[in-house]
Amino acid sequence: MLGGKSINGTDAKDCFVRVRKRELDKLTTEVMQLREFLPRVLNGELLEMLNKAKAAQTMSAMKEQMAQEQERLRQDCAHLQCRLEASQAECQKEREEKLLLREQLWQSGAELQQQADFCSGLGSATCSLLWSCSAREDTIMVWLADWKLQSFVVVAAQTLESFVRSLDEDVKVQTEDPNSQEHKFVLALAGTITNIAAVTNGRDYLATSAHVLLDTLIRMLELMKPGAFPKLKVLMLMALYNVSISVKGLKYMIKSPGLLSVTWNLLEERDWEVCLHSLRLLQSLVLEDEAVLLLGPAVVDPELEERVRRLSSSAQPGLRAAAEQTLEDLRALQKSQGSKASKH
């Protein structure tokens, strides 16, 4: 019997096959075992296949995501590369512009220095002429009559202050360069001011209409370091002394808190002319009763007297004589104040 039909063409349902009971039981047992174990084997393999399929699907998704991420990173890298190249080009351009500007700045600085040197030379020559002209009293009177001094006084005050403040610490402790145009300029300014103050009308003008200049002279003497620019200090001190001859000038100057301390400190200078003119200014202060009242006990301080006494031993005759005379004035002042105190 093959398939569902017999060899001779009869239906299978009409045919029977003899099977031994032992074989039938064995077949039944095998069928039952297959029914029991086959689902387990098939389910495990199926699950394994499903897991592998899922893992393969996951890996495929991850590969696709990684490919997309790589593409995004590649685009970002290309964008950053473009920005880098643009920045490098801009940096190179700025470097070239900087070099060009530096060259232009150097040229401008050189031109500015040339102009400054020219202006300094011109100012020095002009002020030297003014200094020479101011030695004549009639010239000062003409200046006063034409009301030309006000602008000069303002410029002189600004120039002197700018000159001293522009000096660095290393230069302040050195003596001046006589060949410096700037130094010649300020010397001529100070000399002109001194000559103006030497004339009665000139000192009266400075005492009433040039307070800014007087304050500047006192402040500059305070700022200048010991030993620096003695000629300039001498001219400033001479100008202040000339103004102090005027009662109005002296009354204004003694209101300055730094006047006495400046005069006091300049007595320690190495240059004898600075010391001499400091003594003359000090004499002008201590001989005025109102000045003594305003300056207070500082004018009779023993330290001040000791400094004057040391100068009285100077080898310079003029300085020695001025110190001796100032010493006498200080002692007379001490006696006067002592007698007034005993009466009270």
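Predicted model: local features only at pLDDT ≥ 70, side-chain atom pairs only at ≥ 80, totals over all residues.
1. F229 is buried, with a relative accessible area of 5%; the cut-off for calling a residue buried is under 20%.

2. The backbone of F229 deserves a look as well. Its phi is near 50°, a positive value in a residue that is not glycine. For context, most residues other than glycine have a negative phi.

3. How many aromatic pairs does a search of the whole structure find? The search finds one. The rings of F163 and F229 have their centres 5.6 Å apart, and their planes stand at 75°, so the pair is edge-to-face. The step rests on the cut-off for that label, which is over 60 degrees between planes.

4. Where do the two partners sit in the chain? F163 belongs to helix α3 (residues 149–165), while F229 lies in the loop between α7 (211–223) and α8 (230–244). The two are 66 residues apart, and the pair thus links distant parts of the chain. Both F163 and F229 are buried.

5. Helix α3 also takes part in a helix packing. It packs with helix α6 (residues 200–209) at an angle of about 65°, the axes being 12 Å apart. That angle makes α3 roughly perpendicular to α6, and the range for this label is 65 to 115 degrees. The crossing of α3 past α6 is right-handed. On the α3 side the contact is made by L149, Q150 and V153, and on the α6 side by Y205, L206 and S209.

6. Helix α11 (residues 272–286) packs with helix α13 (residues 302–311) at an angle of about 135°, and their axes are 12 Å apart. α11 and α13 are therefore oblique to each other, and their crossing is left-handed. C275, L279 and L282 of α11 make the contact with L304, V308 and L311 of α13.

7. One last item for your list concerns a charge and a ring. Which ring does the charged end of R280 sit over? It is the ring of Y241, and the charged end of R280 is 4.3 Å from the centre of that ring.

How values were computed:
Residues numbered from 1 in each chain as written. Heavy atoms only, no water. Phe/Tyr/Trp six-rings, centres within 6.5 Å; stacked < 30°, edge-to-face > 60°. Helix = DSSP H or I, 4+ residues; strand = E, 2+ residues; numbered from the N terminus. Buried < 20%, exposed > 50% of the residue type's maximum accessible area, 1.4 Å probe, protein only. Lys NZ or Arg CZ within 6 Å of the ring centre and 35° of its normal. Axes fitted to C-alpha atoms, helices over the stretch in contact; angles between N-to-C directions. Parallel < 35°, antiparallel > 145°, perpendicular 65-115°, else oblique. Left-handed = near helix turned anticlockwise from the far one by under 90°. Contact = heavy atoms within 4.5 Å.
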